[in-house]
Amino acid sequence: MTYTSALLRLLDERGYIHQLTDAQGLDAMAERQVVPGYIGFDPTAPSLHVGHLVSIMMLRQLQRAGHKPIVLMGGGTGKIGDPSFKDEARKLLTQDTIAQNVASIRSVFERFLTFGDGPSDAIMVDNADWLDKLEYIPFLRDIGQHFSINRMLSFDSVKLRLDREQSLSFLEFNYMILQAYDFLELSRQAKCRLQMGGSDQWGNIVNGVELARRVDGTQVFGLTTPLLTNADGSKMGKTVGGAVWLNEDQLAHFDYWQFWRNTDDRDVGRRLRLFTDLPLDEIARLESLQGSEVNAAKIVLANEATRLCRGEDAARAAEATAQATFAGGGVGEDLPSIEVHAEGIRLGAACTALGFVASNGEAKRKIAEGAVRVDDAVMDDPALLLIVPAGESRKLSVGKKKHGVLRGV
């Protein structure tokens with residue numbers, strides 16, 4: 001379909017659109033008025049990770065096109081946990097933990113969105129403000145009557161769990177009703193007309209669109225993004241070292257920058273379109289680079305993605321560290337480090353202390369494979385005692401991508 005609104009053209013050209021509930025209707029609305037649109041984020045951890053980043057960027061693109069982003073924090077739904085495509089129930093969080101996670105997550109959005117009172121300024125709301133006040137019997141009578149159990153069981157997010165004969169609690173089953181109610185409430189309070197999310201949220205979003213129509217007669221829309229995978233088919237954002245967190249106190253600037261720098265050659269163009277604001281013609285130029293020149297495109301991607309999430313200073317410092325570590329053969333200031341006292345530290349223990357391996361056993365395996373180097377020299381003895389004079393530094397590397405500093409004290 002050829003879109004006429006700036007909003008859908010922008011989202012389509014950059015690869016954000018997978019499914020739309022009514023493409024023509026949303027396209028027409030986006031041409032004639034400011035469209036408030038929301039995405040929900042459940043505070044299940046102190047930080048969001050890069051798996052959430054396409055949703056955050058979609059809110060950013062919504063604002064760039066002149067429309068109003070609504071960030072919905074799931075202070076209420078987070079007490080249940082979204083069961084969509086999960087193998088088992090999420091661990092239930094305490095109210096205090098949820099509140100702490102919400103406070104920790106808020107700061108990330110301020111880097112990507114402009115908040116304020118203007119027509120296209122972003123706002124942040126918490127669904128605990130209305131979900132915590134619901135009364136069970138009135139909610140069942142007024143809202144529950146609009147949901148068909150037969151239909152809810154047919155959604156892939158639920159069906160796959162049941163087909164695997166994995167338990168789905170009644171608590172979790174209510175999640176999709178509460179998410180639909182969120183859309184209804186935001187439609188009433190903020191004139192929200194669009195809910196966006198990942199492809200796994202399609203069933204939940206459709207429920208909200210239909211609930212707003214049945215209860216209030218309001219026309220609202222849903223839009224989902226494609227499932228984001230790497231060129232090798234693996235899920236984006238999942239690494240051997242764990243989640244790639246957006247908050248800097250969860251993941252160092254250099255490690256965040258390095259995640260983007262390590263992008264597969266085949267994924268560079270797509271990630272530039274989704275995760276940066278670079279013009280499409282510049283992305284096309286970078287995407288066309290071949291051979292070793294593609295590394296220049298990866299550095300641009302790493303710098304742009306880090307600048308958006310962590311700020312200009314973080315991007316520059318991370319690139320300088322990478323330059324010193326890889327090109328210059330030196331020790332970058334932004335690398336993870338540990339202090340080494342006069343008595344020294346064993347090689348295997350140093351690998352573990354830097355967080356490059358999970359155990360001494362793994363350290364021994366890496367050393368036996370020849371993957372551990374000190375100042376770029378391969379080491380073969382996990383019991384080797386490393387002495388670092390006070391005021392001096394030595395570089396320790398595990399594989400090609402993990403580098404740290406031993407600082408003598």
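Phe-170 is found in helix 9 (residues 170–173); helices (H or I, at least four residues) and strands (E, at least two) are DSSP runs, numbered from the N terminus. The model is predicted: local features need pLDDT of at least 70, side-chain atom pairs count only at pLDDT 80 or more, and totals for chains, interfaces and linings use all residues. Residues are numbered from 1 along each chain as its sequence is written, and side-chain values use heavy atoms, with hydrogens and water left out.

Phe-170 counts as exposed because its relative accessibility is 57%; buried means under 20% relative accessible area, exposed over 50%, and partly exposed in between (1.4 Å probe, protein chains only). Together with Tyr-136, Ile-137 and Leu-140, Phe-170 forms a nonpolar patch on the surface, with about 460 Å² of accessible area for the four together. Patches are made of residues with over 30% relative accessible area and no salt bridge, like charges being joined within 9 Å and nonpolar side chains (Val, Leu, Ile, Met, Phe, Trp, Tyr) within 5 Å. Accessible areas come from the Shrake-Rupley method with a 1.4 Å probe, and for residues only the protein chains shown count as cover. Helix 6 (residues 136–142) gives the largest share of the patch, three residues.

## Salt bridges

A search of the whole structure finds 14 salt bridges, each a side-chain nitrogen of Lys or Arg within 4 Å of a carboxyl oxygen of Asp or Glu. One of them joins the side chains of Arg-64 and Asp-277 (3.5 Å, N to O). Arg-64 lies in helix 3 (residues 53–64) and Asp-277 in the loop between helix 13 (268–275) and helix 14 (280–287), so this pair ties together parts that are 213 residues apart in sequence. Arg-64 is partly exposed, at a relative accessible area of 44%. Arg-60, Arg-64 and Asp-277 are linked in a network of salt bridges.

In another salt bridge, the side chains of Glu-248 and Arg-111 meet (3.5 Å, N to O). This pair links distant parts of the chain, 137 residues apart: Glu-248 is in the loop between strand 8 (242–243) and helix 12 (253–261), and Arg-111 is in helix 4 (residues 95–112). Glu-248 is partly exposed at 44% relative accessible area, and Arg-111 is partly exposed at 40%. Glu-210 forms a salt bridge with Arg-151, with the closest N and O atoms 2.8 Å apart. Here Glu-210 in helix 11 (residues 202–216) and Arg-151 in helix 7 (residues 149–154) are 59 residues apart. Glu-210 is buried, with a relative accessible area of 18%, whereas Arg-151 is partly exposed at 33%.

## Cavities

The whole structure holds two cavities of 30 Å³ or more. On a 1 Å grid over the protein atoms alone, a cavity is a set of points where a 1.4 Å probe fits but cannot get out, and lining residues have an atom within 4 Å of a point. Grid points are joined across faces, edges and corners, and a volume is the space filled by probe spheres set on the points.

The largest cavity has a volume of about 60 Å³. Its lining is formed by Leu-228, Thr-229, Met-236, Asp-267, Arg-270, Arg-271, Leu-274 and Phe-275.

## Cysteines and Val-300

The count of disulfides is zero, a disulfide being a pair of cysteine sulfur atoms within 2.5 Å. Cys-192 is buried, with a relative accessible area of 0%, and Cys-351 is buried at 0% relative accessibility.

Val-300 has its place in helix 15 (residues 294–310) and is partly exposed, with a relative accessible area of 26%. Val-300 and Gln-145 are 155 residues apart in sequence and 52 Å apart in space, C-alpha to C-alpha.

Note on methods. On a 1 Å grid over the protein atoms alone, a cavity is a set of points where a 1.4 Å probe fits but cannot get out, and a pocket is an open set with protein on both sides within 12 Å along at least five of seven lines; lining residues have an atom within 4 Å of a point.
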